[in-house]
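Good morning, colleagues. Please take a moment with the sequence and the model on the screen before I comment on them.

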Amino acid sequence: MNWLRWVLYLVGGLLLFVTLLIGGALLFLDDDDYRRLLVFGADHLLDASLEINGDFSFALGKEITLVAESVHLLAHDGSYSATIGEFSSNQRLGAYLMTGTFWVNSLVLSDVQLDIKQTGESSFDLHGLILPPVVIEEARLNNLQLFYTRREPAVTHEISLLELVVDDINDSGPVRVNGSGLVNGRPLSIEGSFGALSDLIDSQQPYALNLEVASGGMQLRLSGAIADPVRGEGMDLDLSFRDPSLSQVLRLFDEAAPEIGSFSVQAHLGGSYAAPRLNDLDLHLERGKELSANITGKVDNLMTGEGLALQVDGKSSDPNLLSWLIFGAEDQIRTFRIKGKVHEDNGRFFATEVDADASARTGLDISLKGNAQIPTRMHPRPAPGQQLVLNISSPSMLALNLPELGDIPEFGHVTGSARVTPFLHGARYSDIRLEAGSSEQVHATVTGDIGFLSFEINKGVTGIDLDVSLTAVSSQALGDAINYELPDLGAVRAGMQVSGTTDNLIVDRISLYTGRPDQPVIRLNGTAQTKLKTHSSVLKITFDVATGDLVAAMRNVTPDYLGRLEGRVEMSDIDGSWGLDSFDIASTQTTLYTVKFSGVLDDVVKRDKAEINIFIDIPDPAALGKAADLDLTGIASIRSEGVIAIKDQRVTYKGADQVGRTRSTTLLSGTLEGERPSLKGSFVIPVLYLEDVGLEPHGDPETPMMESGELGNQQPERSPHAFSREPLNFAILKQIDLDMNISIDEISSAQVSADQLHGRILLENGRLQVRPMRLVAKGGPTDLDLEIDARDTPSISLKLTADDQQLGHWLAQVQDEVPVDGYANYQIVLDAKGNSSHELAASLNGHVALAFENVRIPAHYVDMLSGDVFGWVLGKVGREERYANLDCVLARFDINDGIAKSGLLAADGPHLMIKGTMTLDLGEETIDAVFLPEQKKFLFSSIAPVSLSGDMRDPDVHAVPAKEAAKNIGPLLLVPYVAIPAVVLGKMWESSVDDKDAYGGGCAALQAAEEEKLKQQGEAE
């Protein structure tokens, strides 16, 4: 209705303005003076610019005559503009002083266009607009257009008055009214008549009135008489309005208005202009069985509401209509019904015998019953004892997900009740009881009062006094309800008391318990206070956690008793910036370990300033590992101390650690600014004692091995592929930038020793580089160069070289059984690209070269591979001998697009030489290999070749001649230690094997034998 108020405001203002101007005008002004005066008045009184570009004349006498053509009026703020082609009026000067009525003899308006734009909140108030009565003897209006544009949504309404004629010829009456026009393209007609103008002055008889406005099927009729029309006394009018489709009218104001149905209202209008009386009101709205509304009654004074007595009865089962009325666009409400009475008593208004209910499509049911005072500006507070009883019921909390509430967790069935006391701008809710869920899963209750909840959004809540409690049969059930995965910590019991206002919200008696009541897994208590106006909060919490139960929930094991972690936390928030004022966490009730964390953190998000102290002491890691179901055997006592300091986004860490005799220092510094933290530092160990960190061999190489049958019984569950198809996750490489120098000056062990290990780890923007990294051992150096680039499709590049490394004792750090003992030289150059292990293997390129000298292989591996084929030729290996000796193993593989082909593959022992060729398809995961054994001592007349083909994890093995000798060979066990470890070596004679050092020498005999064989072949030819 904003556009209508603007029209009334503009027209009334112009009339008042022109009248005041005329009344105070000087008799000696000419037309140009009056024109300038009108322009000045429009600028200062209407805040608009006025232009009169056509003819203009103003005459002052017994009658005031004003003529203006080509008039333009534009508001300075652009909210409205008006163009008038022709304006002519003739007004009796003393009519208002004599009768209190503006008496216009004639009025002509043509070619008028008025544009009004809604620009925001308007200070215009229709209640403050007073228009004096206007009597028009003759009026002719032609081609009047009104355009009103709403801001939200952006819709323009167009009203066109093609013609309106008001004419009383010779003051003899009656005054006839006839007009036509369009409203948003809908035809509009106005017809009617008034009594003679002379009857306005002669109040001896009532002034007759008969007016009808029609548009399509809509019809508005006002008929009857007014005893004194000038003073507005003695109205006796019948009012009727009928519209078979009320939606046509509503869509003038809201394009989204749904189909309403037929609407009719009849009433008798009496009283006076100042105190109109409405009797015999009968309002009816209906659309089939889906919608009906009836309001009957009367009101003695429409202005004050005095004597109001209405009976209301309505219902609807149209979701589109109800949701348009309540939510604007959502079709949530399914049915609605209301009955009740509204009446006035000594200036107060009451709704009595209210019986209303509604249901939503989601299953939410709401009912409201009782009596209540209707608050007004004169009486905004309720009378004592006036309350409505509110009840709600819903099959699930999801049914409460109305547009204003958003997503909420799912606990299950919901019931609630409260007593509602309405105020002018809000309501008080007392005896609140809201329950959700069930005792079998998750159950929550809220009880208490809310002193005042405003109907307006963001207006705040006062008088809050609520108790909140929650129980769940398990933390996992609670996690399912809130759509968050939680470990199994047992049953959950939580509660809090909420009081105060939204400007000063106090949360007290916060409690949380999980697990058994007599031995809770988590026990938490605290308080909180929030002031929304100042954006500040304070939170204080104390807690303790059963460490063993927490480990059990996280690792799905059942450890022994591990004590508890106890702590306290104080947090505060100033303008949305949370800070840890202090926190202190420590282990208790156990001697297995000691853990302490303490410090402050000014801003959890910005991390402007912090100091965190860390202390860990584990006197017997093996005992802790046994209690926690972890293998920490062989690790010496652990003690670690460190300090993390943050200031102005700069972070430093200083740590000193000790594992047995092994001491280390860690220094880090960097920044927390940017997309991710960036750190630089060093890790230094003067002497690394392998025994202290659990890397010393647990058994002597001479320790008896498992029999082949025992090993065969311990087959792990087989996966469908040798290389996993699951995507690799390198996300951690993108979360931090790191530049770390690693320095170990000496590696000491009873079995092995190395001079030093030095290297650098560089991680930047998802690209990890380990270069250079060198281990200097007794036999020679081992150099590693590794790069993993995870910025796009992950790619890996590896370079690894070693000289005369003693494999046996190094491999013994990983497993008790030493699969290979001897010296190794190897060179590996590989690169690959892909999102999974399989893609990396299938794209592998590079070469691998390997040489073993003086190798010992556990005899049970030989037994499993040999059968009738190798059983005697590898040597006289009985059950009492646990190792077979090989003097030299040589191999080189060239790899292109995941296909590895051997360029050299040979092994030489005291009794047998084996040569071979092999192709591995890493993408298809297949092997194709042939091994040719040659006797050095004639135990057999001949030995047949052995071929392997098929799945590289379990190939088919065939021997020729077919003595079925290979039937017991089984899975490829020679390959991991003779062939596949030999994924390596080009020309190894001089470059890798014969390096003239003091170690090895086993391959020199193989080289000499091959040279002798070539010589003999040449002589034979």
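In this predicted model, strands β34 and β35 make a hairpin, and two residues lie between them. Within that turn, G660 has a positive phi of about 60°. The two strands run antiparallel and are joined by 10 bridges, with β35 covering residues 662–671.

Which strand pairs with β34 (residues 650–659) in the antiparallel sense over 10 bridges? That strand is β33, residues 638–647. Here R639 is bridged to Q658 of β34. β33 and β34 also form a hairpin, again with two residues between the strands. In its turn, D648 has a positive phi, at about 50°.

I will close with the protein chain as a whole. Its secondary structure comprises 16 helices and 49 strands. The chain has 1021 residues, of which 42% count as buried. The exposed surface comes to about 54100 Å², and carbon and sulfur atoms supply 55% of that area. Finally, consider contacts between residues at least 6 apart in sequence: 48% of these join residues at least 24 apart.

Thank you for your attention.

How values were computed. Residues numbered from 1 in each chain as written. Predicted model: local features only at pLDDT ≥ 70, side-chain atom pairs only at ≥ 80, totals over all residues. Heavy atoms only, no water. Helix = DSSP H or I, 4+ residues; strand = E, 2+ residues; numbered from the N terminus. Buried < 20%, exposed > 50% of the residue type's maximum accessible area, 1.4 Å probe, protein only. Contact = heavy atoms within 4.5 Å. Areas by Shrake-Rupley, 256 points an atom, 1.4 Å probe, with all protein chains shown as cover. Pairing = 2+ DSSP bridges.
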